[in-house]
Amino acid sequence: MSGNQQYSRETVSEKNSLLAEFEGVVSGHRDGHGFVVRDDGQPDIYLPSNEMRAVLHKDRVKARIVRLDRKGRPEGRVTEIIERSDAPIIGRLLQEGGVWLVAPEDKRYGQDVLIPKGATGSAKPGQVVVVELTEPPALYGQPVGRVKEVLGEIDDPGMEIEIAVRKYGVPHEFSQTAMAQARALPDHVRPNDLRHRVDLRDVPLVTIDGEDARDFDDAVYCEPAKVGKAKGWRLLVAIADVSHYVQTGSPIDVDAYDRATSVYFPRRVIPMLPEKLSNGLCSLNPGVERLCMVCDMLVTARGEIHAYQFYPAVMFSHARFTYTEVAAILQNTRGPEAMNRKPLVPYLLNLHDVYRALLSARNARGAVDFETVETQIVCDESGRIERIVPRTRNDAHKLIEEAMLAANVCSAEFIEQGKHPGLFRVHEGPTPEKLETLRNYLKAMGVPASVSDEPKPGEFQQIAEATKERADAQQIHTMLLRSMQQAIYTPINSGHFGLAFEAYTHFTSPIRRYPDLLVHRVIKAILHKQKYQLPALPTPGEAHAKLSKRLASRVKPPAPNARKPSADTVAWQAAGLHCSANERRADEASRDVEAWLKCKYMREHLGEVFSGVVSAVTSFGIFVTLDAMYVEGLVHITELGGEYFRFDEARQELRGERTGIRYALGSRVQVQVSRVDLDGRRIDFRLVSGDDDVVLKAMRDKTGGDLGAAGATRQERRGGKARSNAPVPDLKAAVRRAAGKKSAAKPTRAGPSRSRRGQR
């Protein structure tokens, strides 16, 4: 085939793709433009601001590509609006020149909503309101709406939570039928509830949780035991028996499925179950009888689970411990904390022994275990941040974690052996694309080890161990973590990559996670030699649809001769997808509230200078996390000085062409808080030079250590040294001049602004 023929065919193909229409959902951007997120999984289509005038964020449209920009990225035009989003718009009511309007809190909507005079209700100017649209936007007209709900003043305590639950569609009010059913439940365990249950009331089971915990899902107990002829332990993990009180398809069950998870905010929890269950009847509170499901395990000295059994039981929690208290007892068995709990100390020591055995088994499996810093927001009575502190993990945290992992593994194996459908917690290895990015990064950073085409978790852990003493260890571990996929709930077991388990599920938190409740029901069905049938549950909402598209690329196409999945399998897949999506929704809402609180906190520190570390690098700047505050903000590329910076994706760094200065993950910098945008949940920093040591070092590295090179001519640099009679240049002055000059080339410009999580 001639070159002309090939060019002609490619031109025809390109024209056909430009003419083709496709469906998708509009995703607005705070800068006025937007994108169409295509249903077919193809790359998003850019919509210029003039195309966004007649549509709003979340509208479903038909569109086609009209041109490609200079980088080959598609730009589109909306040809038809299929469905307007019915999501409420939250914003502040304003009056400008006698006209009432609402400025959306979510800037992705891009347009203010006009409110007719009689449609403001009882709202006053400046208040936060929920708006229902009555007229959609048009090319030459703004959207029109009416005030549906008044939330209050912007500075009211908890306002950020009221906004978030509506913004993300988090159900925050139980149905009347669910509340009526909860009220009708007993206040305590009744005698007939004890039938067919093992009596564990004399076993000193205890709960170990955080200081601020209000519901207690799990209790633990351990004693030495013979495993065969060798020493080992008997480990009991007792979990609240929510399934005894929440019947399949009941009003409480429907509401719980709709929520799929409890949502945790600073100072407030939106529970999956009514409070009578979550904090009362199901919570394993100390000093009261409670119904539970028990995973009773025999663990060998090497940390292997030799045998296990599940059974329903009744228990009596002998103590409510905190992580801090248990850690103190384990550290000093003669200390005041140990003296206060003297009868229970031997059982805590047994738990610590079995934990060390389980930990050795974890290390032998090669499970991934990166030490990351988690933070906790400490608020005052009005909901304002007092401080942000690191949440340290001690042996008590790890002890409970290993006990829960053991029970979850037994649950998954029990369901598999029972040949019963259920939900597994699946975490797959890196995609080929992420694997390639990681390999390039490790090579660029001079890490001798790499990862294979079919990597095992142990390979990641070996790299983490081999690099933990390096100055850039945190940076390397961050990239290892980012290369992995998110875990999901699915009836198709593919194992858990990060934990190095062949089968894994969630059994240990049925008060706050719906998948755990389903797992309990399946285990009970297997014990009774029955089959658990999923009820006709409500149709999954927007969160389900979003995740379904996101996961489409991860689903392998069925083999040509593969049988069509049964209705039962499809129902379990839908339940897993729904629970996974609503887990993401809860995370997004929680992050949104934390970002709001951090922005309000940082408004009090405008103009102040802090030290920090680069936590993400993009083509448009660097994200910096402050050492003292644990708050992240953006240093835009235009704030890095009059230098042309190139983004090196392999190294995850920005490098200055003139000075050679580099900003990479883990780089230490000094920044000034320059701007806080509460509505946009964005904090901007300005780089503070301080002295020129960083630039001096970069110039020295670039010139091979020749201090005179900055003042030498190109010919002299090629010759290896400057003329001997040349004056020694003032390098610091040269650096300042170089950094202050504008480059002939324009600074790198970002396309659509992205957060470090890749969201638009």
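This is a predicted model: local features need pLDDT of at least 70, side-chain atom pairs count only at pLDDT 80 or more; totals for chains, interfaces and linings use all residues.
Buried means under 20% relative accessible area, exposed means over 50%, and partly exposed sits in between (1.4 Å probe, protein chains only). Residues are numbered from 1 along each chain as its sequence is written, and side-chain values use heavy atoms, with hydrogens and water left out.

- Most residues other than glycine have a negative phi.
- Histidine 196 has a positive phi, near 60 degrees, and lies in the loop between α3 (176–183) and β11 (198–199); helices (H or I, at least four residues) and strands (E, at least two) are DSSP runs, numbered from the N terminus.
- Arginine 267 also has a positive phi, near 75 degrees, in the loop between β15 (263–265) and β16 (268–270).
- Arginine 267 is exposed, at 52% relative accessible area.

- β20 (374–379) and β21 (385–391) pair antiparallel over six bridges; pairing takes at least two DSSP bridges between two strands.
- Glutamate 374 has arginine 391 of β21 as its bridge partner.
- Five residues separate the two strands, and glycine 383 in the turn has a positive phi of about 90 degrees.

**Serine 615**
- Serine 615 belongs to strand β24 (609–618) and counts as buried because its relative accessibility is 17%.
- Beyond its neighbours within four places in sequence, serine 615 is in contact (heavy atoms within 4.5 Å) with residues including Arg482, Phe623 and Leu665.
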